[in-house]
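Trainee: Please take one part of this model and look at it closely. I would like the salt bridges, with their partners and their surroundings.

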Amino acid sequence: MTHASQDSSQSYAPDARNAQVELYVNGAFFPRDKAVVPVFDSGFVLGDGIWEGLRLVKGTLLAVDEHMARLYEGANAIQLDIGMDRAALVGEIWKTLRHNKMEDGVHIRLMISRGVKSTPNQDPRFITGGATIVIVAEYKQPNAALKERGLKLMTSAIRCSTPDVFDLRLNSHSRLNFIQALLQAINMGADEALMLDDRGFVASCNSTNFFIIRGEELWTSTGATSFNGITRSKVIKLWRDAGKPVFEKDFTLAETYAADEAFVTGTLGGLTPVSMIDGRQVGKGLPGAVTRQLMSLYSAYIGE
């Protein structure tokens, strides 16, 4: 199986500076090829952990309060003791950025597992110490070419889970179901997977939130079975503040196929247009006027 990673909504422009960036592991810094965690770490053993993705733009950590609120809510949900409060953890992010002399155009992946276990099993009572904290800061700019041509999506047979099965508001390290959905899409020649909820309504994509545009109306799912996207929330607010209609509602694939435009949202890519769904061209097959207007509003909001 071959498929260019530059066709992903998470794709980015290569940057040679990343080879020299050092990664944070439990308070110490290591070169990329020397940064490791033990094989008994609970994140490796069973994906027992949480994460956040943040961006540094012109010296500002975008929406850092919202990201920390989501992280600590997730930690509370799985009874994971991070071992420091929000201010201290944000301080460790800044320490990582200062260590690498980074000021702009940076994507940060903050990963926290429950810690090292005495043996590889599911039981959290086998933890031997504190949480494992890893901070990966990299120079990343969204793929400009992809924003011009748009993503190709395929509807996956794998559904998004309901909160009683697995609450997608929790940014868990466990992502195997979404990887499976993405593999289905890739194997069918698409870039990413569009996923439905348990009733067959459109929910989200495998790593991003999904929107359609009908006229000037912006539609997205209710959020009950999709990611608690911070960029999603910002885009909704920006369009409402512009006096335009937004609907967080159930809608079908048939309504999606009839959309004038579509796009996905995520921390790294911001807004990425969608040009095709299930082999059907979306609108004119190119990023539309409303999507471009929203992209401009979002760029102005983050100060790019």
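Mentor: Start with Glu52 and Arg70: both are buried (under 20% relative accessible area; exposed is over 50%, partly exposed in between; 1.4 Å probe, protein chains only). This is a predicted model, where local features need pLDDT of at least 70, side-chain atom pairs count only at pLDDT 80 or more, and totals for chains, interfaces and linings use all residues. Residues are numbered from 1 along each chain as its sequence is written, and side-chain values use heavy atoms, with hydrogens and water left out.

Glu52 and Arg70 form a salt bridge, with the closest N and O atoms 2.8 Å apart. The term means a side-chain nitrogen of Lys or Arg within 4 Å of a carboxyl oxygen of Asp or Glu. Glu52 sits in strand β3 (residues 49-57) and Arg70 in helix α2 (residues 64-77), so the pair ties together parts 18 residues apart in sequence. Helices (H or I, at least four residues) and strands (E, at least two) are DSSP runs, numbered from the N terminus.

Next, Lys234 meets Glu66 at 2.8 Å, N to O. Glu66 is partly exposed, at 33% relative accessibility.

Now the loops. Lys244 pairs with Glu216, closest N and O atoms 3.2 Å apart. Lys244 lies in the loop between α6 and β12 (246-248), and Glu216 in the loop between β10 (209-214) and β11 (217-220), so the parts tied together are 28 residues apart in sequence. Lys244 is partly exposed at 22% relative accessibility; Glu216 is partly exposed at 41%.

Finally, shared partners join Arg32, Glu138 and Lys140 into one salt-bridge network. The count comes to 17 salt bridges.
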